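Subject: Structure handed over, with notes

Dear colleague,

Here is the structure I promised to pass on to you. Please have it open while you read the notes that follow.

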Amino acid sequence: HKNAALPFVSWDEIAQQDIITFHTPLTHDGPFPTHRMINKTFLEEIPDSCILINAARGGVMHTEAMVEMKGAKPGLRYVLDVWENEPDISKALLDCSSIATPHIAGYSWDAKVKSTRRVYTAACQHFNTSSTWTGPNSELERIQALQAINELGEDELRDYVQALHPIQLDDVALRKVAEGAGSLSIQFDKLRNTYTPRREYSVADSTL
């Protein structure tokens with residue numbers, strides 16, 4: 001890699017871990033495309049009881065291969081927030097996932113503010129206008145919250161995460177609409193569009 005100072009490890013070493021989480025962008029070109037990097041070959045290499053988390057993009061994984069390998073390795077546990085062909089997601093992959101959510105990672109209040117500010121700044125640059133952002137700025141409270149979070153013990157941190165975002169509720173809601181009579185793709189979008197506002201961990205009140 002061009003930046004050898006970063007702590008990279010080999011792909012083979014990654015495949016031997018008990019928990020593997022993906023946060024990569026989706027790319028189709030270049031020497032190392034990420035499209036369907038979670039494929040049958042990779043799934044055959046990882047431990048039979050691996051916890052595989054995809055919070056990146058749905059196209060990073062091969063849906064059919066994941067469903068097939070879950071049958072071959074029932075101990076695999078999938079934790080998925082993103083899906084191929086959203087909102088027309090795979091019911092089969094949903095059924096064999098341990099935790100499933102309707103692509104909610106970008107739906108925090110803070111993510112929406114950041115996105116809005118980026119659009120505003122880009123528009124100002126395009127029209128050669130000075131930026132006078134007067135919207136929310138959570139940088140100070142983010143720093144303060146992170147300092148408080150770092151002081152929490154393991155049990156306290158677990159309780160804090162659960163109190164801020166009980167992810168099981170999102171999982172139950174997605175499975176409920178999947179079992180209903182309506183279109184799963186329509187219901188998937190509806191869950192996202194009616195999602196309850198939430199703060200990110202790094203800016204929320206750590207006294208929860």
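This is a predicted model: local features need pLDDT of at least 70, side-chain atom pairs count only at pLDDT 80 or more; totals for chains, interfaces and linings use all residues.

Which residues of β1 are on its covered face, and which are on its uncovered one? The covered face of β1 holds Ile20 and Phe22, and the uncovered one holds Ile19 and Thr21.

Residues are numbered from 1 along each chain as its sequence is written, and side-chain values use heavy atoms, with hydrogens and water left out.

The protein has 9 helices and 4 strands (DSSP runs numbered from the N terminus, with H or I of at least four residues for helices and E of at least two for strands). From the N terminus, the order of elements is α-β-α-β-α-β-α-β-α-α-α-α-α. Of its 208 residues, 34% count as buried, meaning under 20% relative accessible area with a 1.4 Å probe and protein chains only.

The 4 strands make an open, parallel sheet in the order β1-β2-β3-β4, where strands pair if DSSP finds at least two bridges between them. Its edge strands, each pairing on one side only, are β1 (19–22) and β4 (99–100). Between β1 and β2 there are 4 bridges, and threonine 21 has isoleucine 53 of β2 as its bridge partner. Strand β3 (residues 77–80) is joined to β4 by 2 bridges, with leucine 80 partnered by alanine 100 of β4. Helix α3 (residues 63–72) packs on this sheet and touches β2 (51–54) and β3, its direction making about 150° with that of β3 (contact means heavy atoms within 4.5 Å; axes are lines fitted to C-alpha atoms, for helices over the stretch in contact, with angles from 0 to 180 degrees between N-to-C directions).

The largest pocket holds about 630 Å³ of space; on a 1 Å grid over the protein atoms alone, a pocket is an open set of points where a 1.4 Å probe fits, with protein on both sides within 12 Å along at least five of seven lines, and lining residues have an atom within 4 Å of a point. Of its 21 lining residues, the closest to the centre are Ile53, Ala55, His165, Ile167 and Tyr201. Strands β2, β3 and β4 each supply at least two lining residues, and β2 gives the most, with 3.

With best wishes

How values were computed
Buried means under 20% relative accessible area, exposed over 50%, partly exposed in between (1.4 Å probe, protein chains only). Grid points are joined across faces, edges and corners, and a volume is the space filled by probe spheres set on the points.
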